[in-house]
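User: I am new to this structure and would like to learn how to read its features one at a time. Could you take me through it, giving the general idea before each case?

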Amino acid sequence: MISRVIQESKVIDMFTAEKPSQYLYMITGVRGSGKTVFLSDINRKLGDRKDWIAVELNPQKDMLSQLASKLSSVDTFTKIFRKAKINLSFFGFGVEISGVSPITDIEMALEKMLESLKENGKRVLVTVDEVTNTPWVREFAAAYQILLRKGAPLFLLMTGLYENISELQDEKNLTFLYRAPKMEMMPLNIGAVARNYRAHFQLDEDASLEMAHLTCGYSFAFQLLGYLTWERGGDFRAARDDYRQYLDEYIYDKIWSELSAKDKRILYGIAKTNSSAIVDVRDTLGLTTNEWNPYRQRLIRKGLLDGKTRGNVSLILPLFDEYIRENYVE
């Protein structure tokens with residue numbers, strides 16, 4: 001694993017600040033870009049702190065009930081809730097408190113639970129991996145907005161593909177999500193990848209950099225090429241064919257199937273043009289600037305194109321140009 005030090009520090013420093021200005025981050029990136037690893041790393045680092053608890057929720061189930069149930073299952077928190085006379089027995093978890101009527105509304109229960117945790121100096125991190133626009137997610141997001149307004153110590157990290165995050169943010173009742181800061185999983189540092197490979201294989205600096213550049217900093221590729229190279233006794237060049245096939249079958253086939261016909265045509269034009277200059281790519285495709293720009297922006301947001309250099313564009317994923325040329329059908 002190679003840590004994303006700057007991005008991790010940004011999230012952790014913000015969430016642990018005395019008066020945080022952000023309680024929510026949306027983590028986006030292409031498949032295999034390391035979103036889940038990033039989420040798990042922050043979950044572990046904050047969860048290890050004595051004043052924090054990290055809770056992972058399944059977006060395909062009732063997320064409010066999941067959160068209440070998991071909070072009530074922590075022994076330390078159970079004592080806090082009992083002392084605050086929060087009777088959760090109606091929901092099938094928690095201890096029934098004599099003389100106190102059970103709470104029958106899950107949002108009210110969470111509000112009281114989080115209020116008591118705040119009074120005891122506790123903070124809660126909720127993580128949701130690969131979020132989609134499901135009824136459970138919409139219900140949770142709406143309730144989360146209300147809980148935040150009431151001062152709940154509830155912090156949220158959600159990962160998802162660009163199109164799934166965008167669909168959720170476009171919900172008219174969840175406009176606060178549209179304003180939530182997004183953090184894109186950019187390629188790993190090539191120098192860090194090369195040093196990692198050099199530490200595990202008998203490679204000199206030039207060979208380790210050659211191996212690192214084969215990954216383009218793509219998180220899944222970094223792990224995959226390392227594993228296949230280890231299987232071949234440290235010969236990464238002998239692993240290239242299998243490496244390409246694994247990328248195709250595990251990642252690129254799925255990405256390709258989710259693209260529109262116009263997206264595929266744009267990518268094909270980039271893959272077959274010998275120049276990275278936008279003007280040359282547009283000439284290859286026969287597109288005007290106005291026709292080109294919307295697709296360029298969308299493919300950048302999907303994590304497939306790098307457009308940081310003015311006037312140029314390039315593919316981000318390793319060996320993806322080969323895949324495109326082989327699989328595109330006019």
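User: Which residues of α13 are buried, and what do they pack against?

Analyst: Buried means under 20% relative accessible area, exposed means over 50%, and partly exposed lies in between, with a 1.4 Å probe and protein chains only. In α13 the buried residues are D263, I266, L267, G269, I270 and A271. Contact means heavy atoms within 4.5 Å, and the buried residues of α13 pack against several elements, including α12 (240–257), α14 (278–285), α15 (289–301) and α16 (320–327). Before we go on, note that this is a predicted model, in which local features need pLDDT of at least 70 and side-chain atom pairs count only at pLDDT 80 or more, while totals for chains, interfaces and linings use all residues. Residues are numbered from 1 along each chain as its sequence is written, and side-chain values use heavy atoms, with hydrogens and water left out.

User: How many helices and strands does the protein chain have, and what span does α13 reach?

Analyst: Helices (H or I, at least four residues) and strands (E, at least two) are DSSP runs, numbered from the N terminus. The protein chain has 16 helices and 7 strands. The expected span of a helix is 1.5 Å times one less than its number of residues; α13, with 12 residues (261–272), reaches 17 Å from its first C-alpha to its last, which is close to the 16 Å expected.

User: Where is S208, and is it buried or exposed?

Analyst: S208 sits in helix α10 (residues 205–213), and it is buried because its relative accessible area is 0%. Beyond its neighbours within four places in sequence, S208 is in contact with A194, Y197, R198 and L203.

User: What should I look for in the phi angles of E130 and L319?

Analyst: Most residues other than glycine have a negative phi. E130, although not a glycine, has a positive phi of about 55 degrees, and L319, also not a glycine, has a positive phi of about 60 degrees. E130 lies in the loop between β3 (123–128) and α6 (135–149) and is partly exposed, since its relative accessible area is 33%. L319 lies in the loop between β7 and α16, and it counts as buried because its relative accessibility is 13%.
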